[in-house]
Amino acid sequence: MKRPEWIPAILSIAVFALFWYLSKDFRDIPYLISNTTILAETGLMAIGMTLIIIAGNIDLSVGSILVLTACLMPKLAGHASAPVAILIAVLLGAVMGGINGIIITKAKLPSFLVTLATMAIYRGIAKAMLQADSAEVAPNVKGLDRLSLLGMPYPLVIFLVFALVIGLVLHRKVLGRWLFGIGTNSEAARYAGFPVDRATITAFAVSGALIGIAAFCMDSRLGVARPDMAPGIELQAITIVVAGGTAISGGKGTMVGTLLSWLLMYFVTTGMGVMNIKAEYQLTIIGLILIVSVFGQQVATSIASHRLPKPTKLSTKP
Amino acid sequence: MKWRELGLLAVVIVLCVACTMKDRNFIDPHNIDSILLWMPLLLTAAIGQFPVIVIRGIDISIGSIIGLSAIAVGVLLKSHPDLGVPMLFAIGATIGLILGILNGALITYAKIPAVVTTIGTLTLFRGLTYMVCGGDQIDASLVPDRLTVLAHSGITVREVTVSWLLIFALLLGIITALLARFSQFFGNVFAYGSNPSAAYLRGISPNKVQMACYALSGLTGGIAGVMFLSRFGNASPASAGSGFELLVIASVAIGGVKITGGSGSTLGVVLGCALLAVINVALVVLKVPADYQTLVYGLTILIALLIDALSRGVKKQGAAA
Amino acid sequence: MKHFSSLLLLGALVLAGCNSGGSGTDTSSTATNTGNSAPSGDTGEKLKVVFIPKDTANPYFKPVGQGIDEAKAKYNFDYQEQGPATADPTSQIPIIKDQIQRKVDVIVLAANAPNTLNEVLDDAKAKGIIVLTVDADLTGNESHRAAGILPTDFAKVGESQLELMGKQMNYEGEFAILSATTTASNQNTWIATIKEKLKDPKYSKMKLVDTVYGNDEPMKSSTEMEGLLTKYPNLKGVLSPTSVGLAAAAQVLENSGNYPGGPKAKNGGIHLTGLSTPKQLKKYVDKGVIEGFQLWSPKDMGTLAACLGTSAKRKKIDLKFGTEVDGPDGKKYKLDDKGVVYAGDLLTFDKTNIDKYDF
Amino acid sequence: MAAPALVRTENLNVELGGLPILKGIDFELRAGEVHAITGENGAGKSTLAKVIAGIYQPASGSIFLDGAAVTIKSPGDAIAKGIALIHQEPLIFPDLDVASNIFVGRMPRKATMVDHAEARRRADIILKQLGVSFDARSDVGRLSIAEQQMVELATAMSEDAIVWIFDETTASLTPKEVAELFLIIQELKAKGCAIAIVTHHLDEVFEIADTVTVLRDGTKVAERAIHDLTQPELVSLMVGREIEQQHIKSAHASPGAVMLSVENLVGPGYQGVSIEVREREIVGLAGLVGAGRTELARSLFGITHPSSGVVKVDGNAIHVKNPQHAQALGFAMVPEDRQQHGLFPNLDIGYNASATILRANSTVGWLNQGKLRQAALSILESFRTVYRNLAQPVSQLSGGNQQKTVIGRCLLQNPKLLILDEPTRGVDVGARREVHQFLRKQADDGKAILMISSDLPELLTVTDRIYVMHQGRIVGQMPTGEATEEKIMALAFGGKA
């Protein structure tokens with residue numbers, strides 16, 4: 001019970017059971033597996049966002065990076081093969097994420113404000129570039145979401161693989177350790193000899209690269225890219241990360257939490273979707289779930305740590 | 001006036017002069033009206049957001065509070081078309097206050113971080129907005145003239161009208177500025193924002209401060225919701241106040257309220273709102289093509305931020321020498 | 001405590017919503033398997049029809065839904081409306097997927113973009129679902145839907161709008177267009193027609209000075225309208241072929257007082273027209289801020305969609321491009337070579353008739 | 001001693017997070033008395049102070065104020081009852097001015113409105129009594145720690161406190177400032193206030209206190225009048241064993257080659273600094289707070305950059321670009337401000353103890369977790385750090401154990417040069433001795449150590465050579481054998497040796 005991730009895990013199971021009971025359309029495992037293709041893209045964004053938030057930052061521009069990459073990739077890749085197209089998308093995303101990181105670290109500006117501005121800039125570039133047009137995706141990179149590997153659609157496989165890889169980077173590599181330290185106390189991190197700026201920029205760039213992959217998946221799925229796609233997806237990604245127990249103040253969080261939270265959101269949205277619950281109710285429920293999940297983990301953590309003394313922390317209650 | 005506000009004022013003035021040089025229309029009374037009309041909603045909500053940011057918090061749900069207040073007041077007008085203007089504002093403010101208290105309670109007593117709480121209530125309140133009106137929009141015929149007139153009449157000086165809405169918002173600003181200077185409560189807010197644990201040890205109740213700040217943000221959001229009806233004459237549950245949260249937070253942050261808490265001024269907030277108003281109206285009147293407006297808007301904000309960072313750097317070096 | 005109890009109440013409401021949705025799901029599941037074999041007429045298996053508007057909040061789509069809903073007894077189907085919260089090019093995709101999973105028979109869709117839904121619509125088609133687009137067609141991607149129902153002949157909308165504008169401003173002077181977004185395809189079509197028709201000698205004294213975009217946001221639309229008033233002191237007319245834009249423009253114009261007969265009318269004031277539902281603008285027509293504006297009957301479009309969709313599903317008609325089919329009122333409707341069918345004519349609303357409409 | 005008890009606790013028990021911290025404490029604080037509360041770190045001294053000041057609530061037992069049983073509900077309640085707690089880290093609001101700091105939460109008012117002029121007037125009166133060099137309009141964020149401490153004193157004075165509790169207040173003050181503080185305490189005592197000082201500085205106890213209460217492991221070991229007690233007796237009461245206070249000699253006859261040499265270095269906060277540190281040598285850097293010592297150390301470690309001058313490592317001139325570079329050169333640094341610059345408070349002890357050796361214990365970036373764990377365990381062990389397990393957040397440790405973690409982390413790097421800035425601030429007597437012996441052992445193993453300390457006995461105990469800084473310049477140096485506290489202080493104040 002020491003790991004607060006059991007809250008989203010239990011919520012996932014509960015939601016799954018609820019919809020399994022309520023809706024026959026939900027009682028369809030192949031459908032549940034195949035329907036993951038859309039949220040897998042958001043999931044890829046949430047993986048990168050986990051790194052950024054753990055390092056004590058935030059990136060509000062992820063949706064705009066997604067859209068600009070999705071719009072630029074077909075233009076630049078033309079009819080190139082899929083691997084080349086992916087590479088281009090990854091590079092584009094990494095550069096945009098990296099630019100965010102560079103401005104934040106070098107100008108010493110809060111990430112919230114910088115990415116608020118780049119959110120408008122990246123989407124603005126997409127709009128200025130395409131205007132009323134759309135970018136057509138070459139036929140050879142279309143339809144990734146219809147191919148499957150081990151019975152799972154490719155986007156889901158990609159999402160799970162990267163969740164694992166980045167999860168390992170976060171919890172088993174030096175970079176991940178640095179990010180936790182930077183998010184906890186960036187000054188102490190500097191004194192401890194962490195390359196604070198470089199690690200922060202790397203986190204943003206890695207997140208950008210993952211968004212590039214998400215953009216590729218999106219292009220492949222839609223066959224076309226438009227500058228007005230996916231508004232508000234950044235909030236969805238942040239919601240997944242935070243509901244998974246990553247502390248918005250930085251220094252605390254796990255990839256398992258993000259993954260479980262993604263699963264929770266997937267069951268909730270899919271279940272509500274096949275039951276045709278009205279969009280406005282869906283909004284309300286997702287807002288509630290975020291609050292419940294975070295509150296639950298807070299309570300769980302405080303219960304778990306209640307047995308430990310906290311002499312340096314002030315408590316307002318005895 | 002401090003460094004920070006002077007710098008911001010300079011940026012606003014330079015921008016205005018540059019725009020005027022580009023196009024004389026910029027100082028046309030119509031255009032000044034347009035800039036002045038752009039401000040009141042944003043300013044009202046920003047005034048509430050100001051103490052929240054000072055205590056190291058954030059209220060992202062403000063856009064949905066504006067929306068819910070606008071729609072709820074509109075729905076009420078369906079059944080009670082004769083409600084007086086002060087009553088409408090009082091109702092809007094009360095609705096906002098209740099939502100703000102809900103935010104405050106979740107943050108203070110359930111101890112859920114402010115960002116998380118208010119991202120959650122952003123969608124939650126938006127959902128409630130749809131439920132309140134059953135998804136219907138508030139048609140213009142429901143919004144009485146006595147309310148909309150506030151947006152286009154006021155004090156007119158040389159063809160430029162300072163609308164009642166703006167006067168009201170500025171009054172709120174002045175009251176806030178006075179309170180910030182002369183009230184014990186705001187003293188506590190600044191102290192709490194500067195050093196929360198020290199504030200607690202000095203006998204300031206963190207719960208009271210937090211509850212009050214979020215309640216205040218909700219209150220001004222509720223007022224801004226009624227202003228929304230007044231300014232636009234109609235409201236839809238989807239678009240009323242939607243996206244305002246980013247504008248409000250941007251104007252407070254650009255206005256020099258430290259996002260890490262503890263300092264900031266009402267004047268800065270007013271100037272931050274003015275800067276955003278000037279940029280947004282300039283985009284229109286200078287005929288920036290629609291497809292380029294988002295880009296130019298983003299670049300302007302980024303440049304404003306970088307100038308600020310640069311001036312901070314210069315100041316720091318000056319202090320060290 | 002009050003807040004908490006209201007939250008609980010909310011939860012209860014939501015659960016109630018779940019239940020009704022669930023039972024709706026359980027009533028008919030075999031329709032797709034048996035429906036085709038025997039042409040049992042409209043008294044046979046109950047079909048499932050779902051309408052997906054651009055977003056849930058757009059009041060324009062209420063009467064479309066009503067039109068479908070009112071036909072449900074006649075054509076024997078269950079009706080549900082399920083829209084996304086925001087009108088963006090991708091938000092309808094998950095909803096269409098959900099409908100496929102729910103095994104509906106007919107999807108009536110007001111697409112947010114002409115080209116982002118192709119893949120998912122093909123999936124629907126493969127499952128035997130009849131997809132009809134209403135209000136906005138999938139221009140350039142017509143093969144991905146069964147038929148496109150437009151409320152009226154869109155080729156004529158631009159012309160009609162220009163004619164109305166011209167009549168109001170006496171066929172002379174400067175006018176501007178306040179549109180939705182730069183990517184809104186219907187509006188772009190109409191604007192293109194307007195520009196083309198302006199070459200007609202009849203309109204030779206009219207000059208289109210600017211086209212601006214309010215993004216269908218109240219704030220942006222208002223600021224753009226105010227900008228027009230500033231930038232063009234000699235402006236005689238504003239045409240806003242989108243309901244959010246027209247409502248915002250009307251409020252700005254009323255505030256400025258510079259409308260025909262208004263308190264601050266200059267050179268006869270600025271004429272305002274465009275497209276919107278009558279209910280939204282009644283107030284401004286009553287006051288004289290707007291003389292007249294247009295729209296078609298969205299409800300008729302809904303009724304036609306219900307008729308064509310269910311009939312096609314029951315194989316009573318074949319929605320072949322370029323043929324004629326029977327409509328709800330016994331009249332014949334012709335699908336053109338792209339499968340587009342028009343539901344009716346453009347209506348013009350003014351002081352004399354606005355009270356007759358309630359949408 | 002017949003004066004009545006202003007504050008009295010009876011059988012006071014305090015639990016934090018379910019663990020007993022104070023057990024059955026009977027404590028009396030009388031008017032006109034300076035009462036020292038002393039004991040090792042973790043003995044419960046600060047907890048006792050915090051209970052009286054309303055920060056913690058007792059699990060059981062009673063508190064009497066002026067003979068009447070009271071409940072002190074909150075810090076605010078304590079202030080209202082005339083109890084002032086002066087904290088170890090000054091409790092200040094960096095964004096506010098001095099007057100607002102002093103009157104925070106209770107600004108003087110005129111017709112319900114805050115009267116800033118009156119606040120400044122009253123603040124200035126108090127500041128004048130304290131004899132400080134800043135005024136009520138000054139920005140508190142720009143004051144030195146000592147000055148901020150004075151602001152806190154002024155706050156308590158403005159509250160008309162009758163019970164004053166000083167919690168390790170002298171930890172960040174220079175001797176001169178401590179002397180000034182003691183004068184103020186004497187005045188308070190003369191006015192009839194009751195004063196408790198929480199401290200583990202024995203000199204201070206004997207200098208200022210009338211009575212001393214010794215705590216050990218949450219229980220009261222003794223309460224004695226100060227003149228009934230000798231220093232060694234007090235120490236043995238505190239730790240339960242005798243501790244010697246003698247110079248810790250180097251095992252080598254002479255130090256090795258010059259490891260670090262700084263020539264004429266000019267940078268932010270210091271000018272024309274030339275020093276040398278040799279292998280097997282512990283060099284002390286003495287001076288007042290603000291003399292430029294910390295600034296010099298920060299430049300050596302690459303956090304700030306000198307504008308001119310030369311830094312040589314093993315005879316080669318180098319420019320330290322950043323802390324990573326410094327580490328690559330074999331430098332390690334224990335920063336002055338543990339909370340701000342040293343610790344990752346919410347992260348676990350294992351993380352904190354091994355943060356500097358991540359790269360050394362990884363293969364192409366993948367951490368060797370077993371090795372890291374072993375390293376952390378061994379260094380914590382060799383320092384006799386007290387903790388439950390490596391997964392415990394470091395914020396749960398006592399100050400001394402936190403400091404051991406930070407020093408240990410630096411030693412794990414196996415540095416050639418160890419820079420320590422106030423390494424034993426807030427560390428208790430026993431642990432301090434351990435740290436000193438450990439440092440000597442490190443030096444004997446060949447390391448060069450540069451140690452900044454405001455604690456002169458510490459410098460005299462552990463170093464081989466001492467530089468003294470004053471206003472950004474080196475004003476003298478001497479072998480520790482020839483140094484005395486008086487000599488160093490004279491130089492530090494700008495006089496001649």
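Strand β1 (residues 154–157) of chain B pairs with strand β2 (residues 160–163) of chain B through four bridges, and the two run antiparallel. Here strands are DSSP runs of E with at least two residues, helices are runs of H or I with at least four, and both are numbered from the N terminus; two strands pair if DSSP finds at least two bridges between them. Keep in mind that this is a predicted model: local features need pLDDT of at least 70, side-chain atom pairs count only at pLDDT 80 or more, and totals for chains, interfaces and linings use all residues. Residues are numbered from 1 along each chain as its sequence is written, while chains are lettered from A and ligands numbered from 1 in the order in which they are written.

**The hairpin and the rest of chain B**

- β1(B) and β2(B) make a hairpin with two residues between them.
- B:Val157 sits opposite B:Val160 in β2(B), and B:Arg158 in the turn has a positive phi of about 45°.
- Along its principal axes, the C-alpha trace of chain B spans about 65 × 55 × 35 Å.
- Of the 321 residues of chain B, 64% count as buried. A residue is buried if 20 or more other C-beta atoms lie within 10 Å of its own, exposed if 12 or fewer do, and partly exposed in between, with C-beta atoms placed from the backbone.
- Take the contacts in chain B with a separation of 6 or more: 79% of them link residues 24 or more positions apart. Two residues are in contact if their C-beta atoms, placed from the backbone, lie within 7 Å.

**Who touches whom**

- Five pairs of chains are in contact, and chains A and B share the most contacts of these.
- That contact uses 37 residues from chain A and 37 residues from chain B.
- On the chain A side, α6 (111–130), α11 (233–243) and α13 (279–304) each supply at least two residues.
- α6(A) gives the largest share of that side, 13 residues.
- By type, the residues on the chain A side are 25 nonpolar, eight polar and four charged. (Ala, Val, Leu, Ile, Met, Phe, Trp, Tyr, Cys and Pro count as nonpolar, Asp, Glu, Lys and Arg as charged, and the others, Gly among them, as polar.)
- Chains C and D have no contact with each other, and their closest C-alpha atoms lie 25 Å apart.

**Chain C: a parallel sheet**

- Four strands of chain C form an open sheet in the order β7-β6-β8-β9, with parallel pairing.
- β7 (206–213) and β9 (271–274) of chain C are the edge strands, each with a single partner, so one side of each has no neighbour in the sheet.
- Neighbouring strands of this sheet are turned by 20° against each other on average, direction ignored. (Axes are lines fitted to C-alpha atoms, for helices over the stretch in contact, and angles run from 0 to 180 degrees between N-to-C directions.)
- β8 (residues 235–240) of chain C and β9(C) are joined by four bridges, and C:Leu239 has C:Thr273 in β9(C) as its bridge partner.
- Helix α9 (residues 243–256) of chain C lies across β6 (173–179), β8 and β9 of that chain, running at about 165° to β9(C).
- C:Asn76 is in the loop between α3 (61–70) and β2 (77–81) of chain C; its phi is near 55°, a positive value in a residue other than glycine.

- Chain D has 17 helices and 24 strands.
- The domain assignment, which is automatic or from a database, gives domain 1 (5–92 + 143–239), domain 2 (245–330 + 415–497) and domain 3 (346–410) in chain D.
- The centres of domain 1 and domain 3 of chain D, taken over C-alpha atoms, are 33 Å apart.
- Helix α1 (residues 45–52) of chain D has eight of its eight residues buried, so this helix is largely enclosed by the rest of the structure.
- Just after α1(D), D:Gly54 takes a positive phi of about 80°.
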